[in-house]
Amino acid sequence: MAGPFSDVERSIFAAKEVLSEDHQPDQILERDEEIEEYRHALEDVLFGRTPQNIMLYGKAGLGKTAVTKYMMEALQTEVTERPDAEELHVHELNCNGKTVYAVVRTLVNELLPDTASDFPKRGLGTADAFEELYGQLDRLGGTHLIVFDEIDHLDAVDTLLYELPRARSIGHITNSKVGVIGISNNYTFRQSLSPKVKDTLMESEISFSPYDASELRAILADRADRAFVDGVCEESAIARAAAIAAKDRGNARQAIDLLRVGGEVAKKRGDTHVDDTHIVAAQELVQRGRLRNRIRDQTQHAQLLLETLAYIEQHEEAPARSKAIKNRYEDVADSHAVAPLTTLKSIQNHLSDLHMLGFLRRTGQNHGEGGGRYYEYSLDLDPQIVLDIRREIEAAANPG
Ligand SMILES: Nc1ncnc2c1ncn2[C@@H]1O[C@H](COP(=O)(O)OP(=O)(O)OP(=O)(O)O)[C@@H](O)[C@H]1O
């Protein structure tokens, strides 16, 4: 008997995973200069010399992680192919929310032999953790490249960046070599480092700039080739996704997301091709998703006020004064069986917050002597979208 899935075929996507967040591309496009700088900083590894330390800077989605993975794999392959090259160990750590102690401890645990028990979480100091680290590095020998992602999030990053790059010259390690690779979204991070760290680090900095539309088109065309069934993805879809992302922040992740969601839209609609109209729909979906999250993050009363302002907008009664908003809001709260806030001041505070967060527009009215000064508010969003999102949030909160 035919089941609900029996006639499902690959109609749009040939390999959707190629457009997923964790897909590592075989080829890095449009980053030749950065790759060249990277190569220059690391090539000493092939000859048993300590590599340069590297700092990568650039905003989100500009290929810092992808290029790093690519370089690490390429170097590892080259090391294995050269009989006289020393062994290479690559360690990758994310520093977000960690202390230097926690990061060094993670590293130590990675290096310890399987039979050894983990380095203690508490009771010892950072100096002890470094000492154990040096011991393990020398026990293993070879070259160790340590990648610290989001390095600017680390507390006391100076300690780490002062200690590690000097470990060999100061005699902490003799049988191994260490290279530090730091990745950061924050351009001002370098200035926050102490002068002594800047001096010792001797880092080579590689800066990743936003992709322009033509670079994004090249990256997307390569992905689309493998992700979609032949001939399904039209040039107009690639051009539109590239243009939208280039105009925003030149973020390749955003461009790839648009292409994936565009493909999903086409599939849902039963269309045979993905074109620019699907990308435009994808952009709306992505923006709507973001707005939904932002609205969901607001307190219940703030959400009820947004809903109230959406009704006011639809009834063409905007802009409205807080008093009129309060009256309507009481009905809205009632319809959700919620006890409303009672004071005008609390409503005004919420309106002021929602204005600051960019949900509302506010205009000041000054009616001179006796007329007083007051504010009028209106929704700075499409009221129908706000009402739809509110309905979705309510439905998720009260299923059935
Ligand atoms: N030059 C490129 N060629 C191919 N794919 C790329 C390129 N640059 C980025 N990508 C892809 O775009 C996505 C985002 O890139 P990546 O994760 O490397 O960005 P990032 O700079 O490390 O960002 P974040 O700071 O947010 O981690 C990944 O899927 C990556 O494979």
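Asparagine 94 stands opposite aspartate 149 in strand S3, where strands are DSSP runs of E with at least two residues, helices are runs of H or I with at least four, and both are numbered from the N terminus. The structure is a predicted model, in which local features need pLDDT of at least 70 and side-chain atom pairs count only at pLDDT 80 or more, whereas totals for chains, interfaces and linings use all residues. Residues are numbered from 1 along each chain as its sequence is written.

Strand S3 (residues 142–149) runs parallel to strand S2 (residues 88–94), to which seven bridges join it; two strands pair if DSSP finds at least two bridges between them. Seven bridges also link S3 with strand S4 (residues 176–184), again in the parallel sense, and in this pairing valine 147 stands opposite isoleucine 181. Together with helix H5 (residues 157–166), S3 and S4 make a right-handed β-α-β unit, that is, with the strands pointing away from the viewer, the path from the first strand over the helix to the second runs clockwise. Six of the eight residues of S3 are buried (20 or more other C-beta atoms within 10 Å of their own, with C-beta atoms placed from the backbone).

Around the ligand lie 18 residues, the closest being Ala60, Gly63, Lys64, Thr65 and Ala66 (a residue is near if its C-beta atom, placed from the backbone, lies within 6 Å). At least two residues of this shell come from each of helix H2 (64–81) and helix H10 (252–269).

Conventions: Buried ≥ 20, exposed ≤ 12 C-beta atoms within 10 Å, placed from the backbone.
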